[in-house]
Amino acid sequence: MASKYPLFSLFFLPLLSLHFNFSTGQAFVNSVYWFPDSGLAASDIDSTLFTHIFCAFADLDSNTNQVTISSSNNAQFSQFTKTVQLKNPSVKTLLSIGGGSANKTAFASMASQSASRKSFIDSSINLARSYGFHGLDLDWEYPQSTSEMANLGVLLDEWRAAVATEAESAGQPPLLLTAAFYYAPSINGLNYPVQSISNSLDWINLMAYDFYDPSWAKVTNSHAALYDPSGPISGSYGVGSWIQAGVSPKKLVLGMPFYGYAWRLVDANNHGLMAPADGPVGSGNGAMRYGEILGFIAENKAATVYNGTIVSNYCYAGTTWIGYDGTQSISAKVSYAKQEGLLGYFAWHVGQDNNWDLSKQAKQAWGA
């Protein structure tokens with residue numbers, strides 16, 4: 001197939017053919033995200049439960065197009081790898097850039113020009129090396145146009161080439177290069193640059209959650225169902241779509257939430273899936289940490305249900321209904337990922353677990 005970037009192909013493909021002969025070197029990925037305000041100190045992470053930990057988030061300076069870390073996070077980020085390796089010397093760390101609240105316009109602008117991409121790439125590599133990270137993770141949520149998707153592809157290709165060149169000149173193993181993407185290979189009618197993703201990333205983290213939340217959904221639902229008998233809103237659909245689009249299962253890592261959402265039921269006696277609801281419980285969008293959900297269940301003697309058809313847990317008491325992933329659904333999702341030949345799983349985020357219940361269940365289900 002002819003490249004959509006003829007000049008890029010002419011000048012860079014010979015170089016890329018050398019650089020893209022890489023392997024993740026990862027037998028599997030059992031991973032989690034952490035950030036300073038997660039409620040859990042980095043020193044308290046049980047890193048023995050993970051092969052990789054993502055440290056979130058580095059920022060993109062819209063003026064310089066360089067990757068930066070805020071002064072408030074600098075000390076924690078600079079010591080993160082040393083800290084988590086005290087309990088598990090073999091755990092790998094990745095610096096994640098962006099996040100859901102990051103400036104989408106800044107990422108789009110950076111990716112649109114060669115010079116600004118180079119500034120982003122070079123600064124990211126320098127930052128990762130100086131802080132002792134083993135890799136870099138891009139979390140651009142989300143490209144908003146066909147051209148932005150195309151620019152994302154160019155960015156990934158140039159990033160991979162730069163990572164390979166830096167590793168060769170430094171005589172070190174190349175940095176891992178990953179990205180957190182939408183659960184499916186298209187979003188709002190826009191297709192991700194699958195070829196560049198396959199060529200240039202070690203793996204991608206599929207954000208298979210936040211499908212629904214009570215701030216807008218008028219009926220109760222699982223926000224992270226593995227299966228959806230009635231349509232395409234599910235983790236398994238996303239996985240299958242990425243594979244059908246041409247991405248190897250060994251480059252897919254399934255995302256799972258360590259949190260749920262609390263709906264307010266219209267009728268306390270109608271408390272199943274798809275029950276009428278009129279907004280979130282509490283402030284914000286009703287998000288609750290897994291530990292908080294267990295506390296609610298114990299305090300209110302809430303009824304608990306595991307739905308194996310969609311693979312999701314929920315509980316209810318009075319007019320409060322909470323959909324979440326418990327140990328049963330986490331186990332089923334991890335088993336699915338392994339059976340389907342995926343590289344592994346990740347969770348957002350480690351501070352939302354309860355006494356490591358979900359993290360331990362995930363590792364046990366993977367069986368490594």
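**Burial, ring pairs and a pocket**

User: Where is Ser38 found in this predicted model?

Analyst: Ser38 is found in the loop between strand E1 (29–34) and E2.

User: Why does Ser38 count as buried?

Analyst: Buried means under 20% relative accessible area. Ser38 has 0% relative accessibility, so it counts as buried. Leaving aside neighbours within four places in sequence, Ser38 is in contact with Arg289, His349 and Gly351.

User: What makes Phe181 and Tyr192 an aromatic pair, and why is it called tilted?

Analyst: Phe181 and Tyr192 have 4.5 Å centre to centre and 35 degrees between the planes, so they form a tilted pair. The pair links distant parts of the chain, with Phe181 in strand E6 and Tyr192 in the loop between strand E8 (190–191) and helix H7 (194–200). Both Phe181 and Tyr192 are buried.

User: What about Tyr212 and Trp216?

Analyst: That pair is tilted too, at 5.9 Å centre to centre and 35 degrees between the planes.

User: What lines the largest pocket?

Analyst: The lining has 34 residues, with Phe57, Gly100, Ser101, Glu141 and Trp348 nearest the centre. E2 gives the largest share, 4 residues. The lining divides into 23 nonpolar, 6 polar and 5 charged residues.

Conventions: Residues are numbered from 1 along each chain as its sequence is written. This is a predicted model: local features need pLDDT of at least 70, side-chain atom pairs count only at pLDDT 80 or more; totals for chains, interfaces and linings use all residues. Side-chain values use heavy atoms; hydrogens and water are left out. On a 1 Å grid over the protein atoms alone, a cavity is a set of points where a 1.4 Å probe fits but cannot get out, and a pocket is an open set with protein on both sides within 12 Å along at least five of seven lines; lining residues have an atom within 4 Å of a point. Helices (H or I, at least four residues) and strands (E, at least two) are DSSP runs, numbered from the N terminus. Ala, Val, Leu, Ile, Met, Phe, Trp, Tyr, Cys and Pro count as nonpolar, Asp, Glu, Lys and Arg as charged, and the others, Gly among them, as polar. Buried means under 20% relative accessible area, exposed over 50%, partly exposed in between (1.4 Å probe, protein chains only). Contact means heavy atoms within 4.5 Å. Rings of Phe, Tyr and Trp (its six-membered ring) pair if their centres lie within 6.5 Å; planes under 30 degrees apart count as stacked, over 60 as edge-to-face and the rest as tilted.
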